[in-house]
Amino acid sequence: MPIHDQGYRRYAGTRAPRGRAWTVITRAGMRTFFGRRAFLGLLLLSWSQFFVRTVQIYAAANLPQAAFFAPTPETFRRFFSIQELFVFVMTVYVGAGLIANDRRANALQIYLSKPLTRVEYVFGKLAILMTLLLLITWVPAILLLIVQILFAGSFTFVRSNGYLLPAITLFSFVDVVTVSTTMLALSSLSNSSRYVGMLYAGVIFFSRALFNVLRFVTGASTLSWISFSVNLDQIGDVIFRLPPQYDTPWPVSLLTIVGLIVASAIVLERRVRGVEIVA
Amino acid sequence: MTPPATHATPTVLASTARIFDLSLGQMLWSRRSVFLAFLVGGPVLLAAGIRVVSAADRLGLPQINGARVGGAALFGTMIWLLYVRVIVPVLGVFYGTSLVADEVDDKTITYLFTRPIPRAAVLFGKYLAYLVCTVLLVLPSVVFVYFLVAPIGGTIGEAFPTLVADLGMLAVGLTAYGAVFAWVGARMRRPLVVGLVFTFGWEPVVLVVPGYLKRLTVAYYLQALVPHAMPRDSPVSVLLQVFSGGPSVPTSLASLAAIAVVALWWAGRSVEKQEYVLEQ
């Protein structure tokens with residue numbers, strides 16, 4: 001079809017208010033993932049533990065023989081431990097390509113030539129991963145708490161464990177922020193999402209294996225801070241008021257996590273640039 | 001007018017050798033080598049650190065009946081925790097899934113498929129390159145670790161026969177995992193996620209389930225070949241020892257060989273039949 005009019009036309013759409021352009025990236029990203037059947041399958045699988053726990057809570061509340069299923073604060077901590085596998089898979093599936101694919105398609109320059117700052121771009125991408133991870137950690141955990149109240153027909157459990165709601169919220173956010181920033185930083189380091197995914201898996205499993213060897217060598221778990229996932233376990237135990245599993249003081253684990261987030265922010269600051277200047 | 005020249009189509013073997021030659025250099029000098037160096041260099045650095053600290057006699061190695069556990073046991077633990085459970089499966093997933101997927105992502109698979117060679121030879125050649133590349137880097141790393149760690153509280157010769165068995169076992173593991181994930185990479189659109197779920201989700205879970213399900217893993221047969229006692233580093237390991245009674249060495253070797261051959265054959269068939277759609 002011939003083009004008769006090659007004149008310039010002004011943009012007729014609405015512009016997001018200053019500081020809110022990141023929501024455009026987040027919305028578009030979420031729409032992309034929710035449009036994939038594989039992602040929906042993964043999401044459903046990630047909720048499987050919630051369904052099992054719901055049945056357990058129902059049985060504990062209604063059948064005297066199943067009273068041993070009654071939830072305790074430890075149940076919620078264990079819920080997060082089991083969800084770690086799904087968090088890992090979801091992080092690799094969603095996060096590996098978030099920046100790497102844009103770098104591969106040279107889309108970063110196009111993004112940053114729009115009225116969008118680097119911070120907004122990074123925050124928009126971060127929000128995609130964080131939202132989807134909270135959807136399989138914080139949301140089901142809170143729903144489990146609500147389910148407990150509904151099936152028990154009283155607030156006794158929640159009232160006697162008043163710290164559970166803030167603990168679930170705090171641990172979910174610590175977990176999700178740590179995982180998301182690390183993955184995003186790794187994603188900015190390469191053009192290949194597959195390479196990024198493997199790097200992340202390497203960091204998680206290799207650091208844990210190194211810690212296990214050192215634990216065998218030293219006979220103590222003082223060096224647990226070298227493992228990415230163990231640091232989160234340690235902080236989780238403290239937040240849920242359970243005795244920590246490892247000898248490392250929890251402030252050391254917290255410091256390692258904060259260091260990891262800061263290092264990821266520095267990597268993102270250096271790697272997410274509209275124009276790469278090669279000396 | 002001269003008659004058109006007749007070209008004999010190269011055999012699968014000759015084509016495989018050509019692709020192998022082409023791929024080996026690419027694999028050794030690529031971005032992936034950094035990852036590989038990190039994985040195989042880590043244990044060597046750790047072993048060197050342990051050796052230095054052991055010289056100052058500041059290691060708290062566990063004691064059994066009053067005698068301190070020696071370097072041979074430490075070497076066995078490193079083989080289990082680092083190589084068998086992490087390095088071999090991770091390398092298998094990473095390289096195996098990349099054999100075809102990398103070419104699809106880079107949109108270069110067309111160049112290979114338009115050559116007058118059987119499509120399957122492309123995969124076989126790349127697989128052989130993966131095997132040579134990883135075996136040549138992983139096995140020396142194990143040897144370095146052995147020579148650094150074995151002399152701690154013992155002699156180098158003490159555990160030497162197990163070193164040979166370890167090297168063979170790791171080579172077999174790389175062969176089997178690589179073949180399985182080559183098939184996954186040739187067949188599926190998102191091979192990495194599938195590979196990671198299989199390695200770090202399916203295998204560890206199924207191995208502690210009583211019954212036949214564990215036979216649907218590579219780890220079940222590979223772990224039966226490890227000549228060292230499994231370390232009790234987690235409740236899962238304890239459960240694994242409770243449900244021990246793995247296959248014999250000949251059964252494991254035969255099973256791993258069968259897994260590798262069948263997976264490679266499937267991968268070859270997939271490459272021959274599948275239509276790879278390149279993103280525009």
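Helix H2(B) has 24 residues, and at 1.5 Å a residue these should span 34 Å; the end C-alpha atoms of H2(B) are 35 Å apart, which agrees. The model described here is predicted.

H2(B) has a kink of about 30° at Gly41(B), shortly before the proline Pro43(B).

**H2(B) and H3(B)**

H2(B) covers residues 32–55 of chain B and H3(B) covers residues 71–105. Their axes come within 11 Å and cross at roughly 175°. Angles over 145 degrees count as roughly antiparallel, and H2(B) and H3(B) are therefore roughly antiparallel to each other. The table lists the residues that make the contact.

| Helix | Residues in the contact |
|---|---|
| H2(B) | Phe35(B), Leu39(B), Val40(B), Pro43(B) |
| H3(B) | Met78(B), Leu82(B), Ile87(B), Val90(B), Leu91(B), Phe94(B) |

By type, the residues of this contact are 10 nonpolar, no polar and no charged.

**Buried residues of H2(B)**

Which residues of H2(B) are buried? They are Arg32(B), Leu36(B), Leu39(B), Val40(B), Pro43(B), Leu46(B), Ala47(B) and Ile50(B). An α-helix has 3.6 residues a turn, so residues three or four places apart point the same way. The cover over the buried residues of H2(B) includes H1 (12–28), H3 and H5 (119–149) of chain B, together with H11 (193–218) of chain A.

**Chain A and chain B**

The contact between the chains takes 24 residues from chain A and 33 residues from chain B. On the side of chain A that touches chain B, helix H4 (73–95) and H11 each supply at least two residues. H11(A) gives the largest share, 16 residues. This side of chain A divides into 17 nonpolar, 6 polar and 1 charged.

How values were computed. Residues numbered from 1 in each chain as written. Chains lettered and ligands numbered in written order. Predicted model: local features only at pLDDT ≥ 70, side-chain atom pairs only at ≥ 80, totals over all residues. Axes fitted to C-alpha atoms, helices over the stretch in contact; angles between N-to-C directions. Helix = DSSP H or I, 4+ residues; strand = E, 2+ residues; numbered from the N terminus. Parallel < 35°, antiparallel > 145°, perpendicular 65-115°, else oblique. Contact = placed C-beta atoms within 7 Å. Nonpolar A, V, L, I, M, F, W, Y, C, P; charged D, E, K, R; others polar. Expected span 1.5 Å × (residues − 1). Bend = angle between axes of the 7 residues up to and from the residue. Buried ≥ 20, exposed ≤ 12 C-beta atoms within 10 Å, placed from the backbone.
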